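Hi there,

Here is the structure I promised to pass on. Please have a look at it first; my notes follow below.

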There are 2 protein chains.
Amino acid sequence: MDQDDDHKHRNEVTLREVSAAVGLGMSTISRVLRNHGSFSQATRDRVMKAVEELGYVPNRIAGTLASSGSNLVGIVIPSLHNIVFPDLLSGAALTLNPIGFQTVIAVTDYDLEQEQKVIQSMLAWRPAAFLVAGLEHTPRTRAMLKNSGVRIAELLDTDDEGIDIVVGFSQREAGAVSARHLVERGYRRIGYVGPEFSFDPRARKRFEGFSAVVAEAGASVVETELMGRTSSTEAGRAALERMLARNPDLDAVYFSNDDFAVGGLFHCIANNIAVPSQLAIMGFNGLDIGRFAPQPLTTLRTPRTEIGEIGARMVMEQGGAKIVDVPFELVRGATT
Amino acid sequence: MDQDDDHKHRNEVTLREVSAAVGLGMSTISRVLRNHGSFSQATRDRVMKAVEELGYVPNRIAGTLASSGSNLVGIVIPSLHNIVFPDLLSGAALTLNPIGFQTVIAVTDYDLEQEQKVIQSMLAWRPAAFLVAGLEHTPRTRAMLKNSGVRIAELLDTDDEGIDIVVGFSQREAGAVSARHLVERGYRRIGYVGPEFSFDPRARKRFEGFSAVVAEAGASVVETELMGRTSSTEAGRAALERMLARNPDLDAVYFSNDDFAVGGLFHCIANNIAVPSQLAIMGFNGLDIGRFAPQPLTTLRTPRTEIGEIGARMVMEQGGAKIVDVPFELVRGATT
DNA sequence: CACATATTTGGCAGCGCTGCCAAATATTAC
DNA sequence: GTAATATTTGGCAGCGCTGCCAAATATGTG
């Protein structure tokens with residue numbers, strides 16, 4: 001099987017060679033392989049046999065160029081270290097793979113310039129569609145995306161204007177709901193722990209919604225700790241410790257996500273701070289780790305996988321621009 | 001800019017149109033864009049200006065077909081819900097992106113048939129290289145990979161034969177080291193909690209190494225709990241509870257990963273089981289969550305990101321097949 | 001059996017780009 | 001000034017496949 005290749009490059013088996021082996025035209029082979037158009041059963045069998053024997057692997061690069069229309073879907077997320085994004089990916093892949101699409105994933109590291117770069121290079125592969133986390137982009141990114149003509153869904157956040165499809169929930173409202181919960185349960189001196197606003201706009205929006213409600217209720221966000229980008233247990237634990245050192249009077253702390261919150265909870269457990277009687281803790285996202293902590297964490301369960309699924313489904317459909325709100329849910333644990 | 005398109009498909013701007021706009025040949029434009037070959041500064045400026053104005057986005061599908069050699073690297077992992085794999089991805093992306101490669105990611109859900117399917121369809125895009133988690137594949141997968149001629153690195157596990165490059169550590173040895181630690185500290189009635197062996201061969205190998213050492217030492221693995229594929233806190237917590245109900249005499253439990261182990265630790269905290277005096281707990285992976293738990297978890301820190309980095313680097317290099325051992329490290333916490 | 005109709009097959013152009021080489025132009029030497 | 005060299009540019013074939021349409025073959029009808 002190797003003796004006849006004075007080919008250009010590799011020993012790549014091409015359609016032409018399958019065609020020669022079977023003694024049928026290339027178009028026929030192509031039709032059989034794509035199960036498209038008509039051919040006899042006998043032909044199909046002969047072709048399949050030859051394909052098997054030669055180890056032919058269709059070249060989709062050539063196929064896509066000839067037919068225009070790839071089976072690639074670009075997915076752009078800021079990080080893989082926050083469970084939110086793998087969940088998003090899973091949902092999208094779950095929807096896309098069965099219908100024959102492949103996901104090309106790029107990570108921006110919460111950097112809009114980087115996002116622009118990766119989107120540009122993904123665009124060069126003419127993906128069938130785009131899924132992007134968040135609504136914040138550089139003007140140039142927005143323009144490229146709009147001009148590309150591919151369907152695009154922006155995920156997770158419905159608080160601002162989108163380019164085409166938007167699937168998510170209101171981050172402001174999520175913050176507000178959290179605040180209402182704490183205020184209703186009587187907490188008044190509230191701390192906040194989250195990532196630097198500059199690179200996580202969704203956390204910022206949640207905080208805005210949160211602090212607005214807290215202020216309305218006559219309570220106040222007494223302390224804030226803003227940290228680097230890792231949503232880690234360590235950061236949450238350390239932040240709470242610092243915060244309590246500065247202000248031991250706090251009666252509740254709202255963490256921007258469950259990883260931070262669990263870190264906070266760990267600090268309390270390790271230091272015999274009674275939760276919630278001495279200090280209440282609230283998280284965000286509804287992770288497993290919080291649900292099965294010694295005391296289940298009060299948090300907001302966010303529909304991450306579902307958002308990925310819906311985004312993927314919508315991006316494959318016809319129809320005009322749309323906004324889909326996928327509701328989150330308050331999960332009352334034992335920490336508030 | 002839209003009036004002149006009686007093109008075939010879309011209003012895609014092509015090289016030809018840039019060429020027409022600038023009044024230079026297509027090859028010249030192409031050279032400028034790829035910064036390859038020679039051209040004057042004046043030409044470059046004119047070309048760049050036109051590219052900008054027309055919003056030209058090179059079509060890499062055509063480019064790759066013409067030149068053979070894509071900038072796509074296929075990465076195949078079993079899951080995104082075990083932090084191990086996002087870490088692997090990050091490491092690989094970190095190495096690959098700066099040198100102009102894009103990662104195409106597929107998830108197999110721990111299913112070798114599925115793996116075969118995704119690898120086949122990735123191969124259709126003629127990736128420059130492949131990174132695959134694990135050494136276990138169907139014979140057909142192995143054959144496809146071998147015949148494809150692309151460089152492939154198998155990651156995480158060095159206990160068996162690889163196809164080309166292998167980067168990781170010995171899972172058996174990791175299990176053995178863990179066992180030695182427990183045995184040396186005097187634990188004798190040991191439980192094991194992990195995923196079903198059928199779909200996580202690495203966990204199986206660790207268990208083999210573990211139980212061999214335990215047996216040698218005259219101690220024994222008294223109880224085992226094997227669970228579904230999610231490496232969740234919940235599963236670990238529930239498994240420990242069941243195990244202790246059956247056998248309250250255990251003095252240590254080895255968990256196949258830190259998520260399970262943290263679940264176990266939570267069970268102990270919630271039920272006032274003193275760790276490690278009453279029950280020792282050991283995990284695997286060295287996650288943040290274990291390190292900053294109320295009691296830091298004893299575990300093995302695995303070099304996941306590094307494995308991704310090295311795998312990516314090696315796959316881009318020349319040279320024959322290789323095996324690279326990236327060492328893990330025992331982290332003594334306060335739970336043993 | 002001739003004819004109309006359905007099914008199966010082959011040929012060819014072209015998707016948008018790059019590699020190769022020759023042509024045109026600029027630069028330098030004498 | 002001309003010849004020799006260096007630099008910049010253009011033309012053309014072709015990467016491997018698909019879409020279109022015409023040709024060949026099979027099937028059905030009276």
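The largest nonpolar core has 102 residues, and Leu131(A) and Leu131(B) have the most contacts inside it. Keep in mind that this is a predicted model.

Now to a sheet in chain A. Its four strands are ordered β7-β6-β8-β9, and they make an open sheet with parallel pairing. At the edges sit β7 (220-227) and β9 (280-282) of chain A, each of which pairs on one side only. From one strand to the next, the twist averages 20°.

Where do β8 and β9 of chain A meet? Three bridges join β8(A), residues 252-255, to β9(A) in the parallel sense, and Ala252(A) stands opposite Ala280(A) of β9(A).

Two helices are worth a look here as well. Helix α8(A), residues 171-184, lies across β6 (189-195), β8 and β9 of chain A, and runs at about 165° to β8(A). Helix α11(A), residues 258-270, lies across β6, β7, β8 and β9 of chain A, at about 160° to β9(A).

Best wishes

Key: Residues are numbered from 1 along each chain as its sequence is written. Chains are lettered from A and ligands numbered from 1 in the order in which they are written. This is a predicted model: local features need pLDDT of at least 70, side-chain atom pairs count only at pLDDT 80 or more; totals for chains, interfaces and linings use all residues. Side-chain values use heavy atoms; hydrogens and water are left out. Two strands pair if DSSP finds at least two bridges between them. Axes are lines fitted to C-alpha atoms, for helices over the stretch in contact, and angles run from 0 to 180 degrees between N-to-C directions. Contact means heavy atoms within 4.5 Å. A nonpolar core is a set of buried Ala, Val, Leu, Ile, Met, Phe, Trp, Tyr and Cys residues joined through side-chain atoms within 4.5 Å. Buried means under 20% relative accessible area, exposed over 50%, partly exposed in between (1.4 Å probe, protein chains only).
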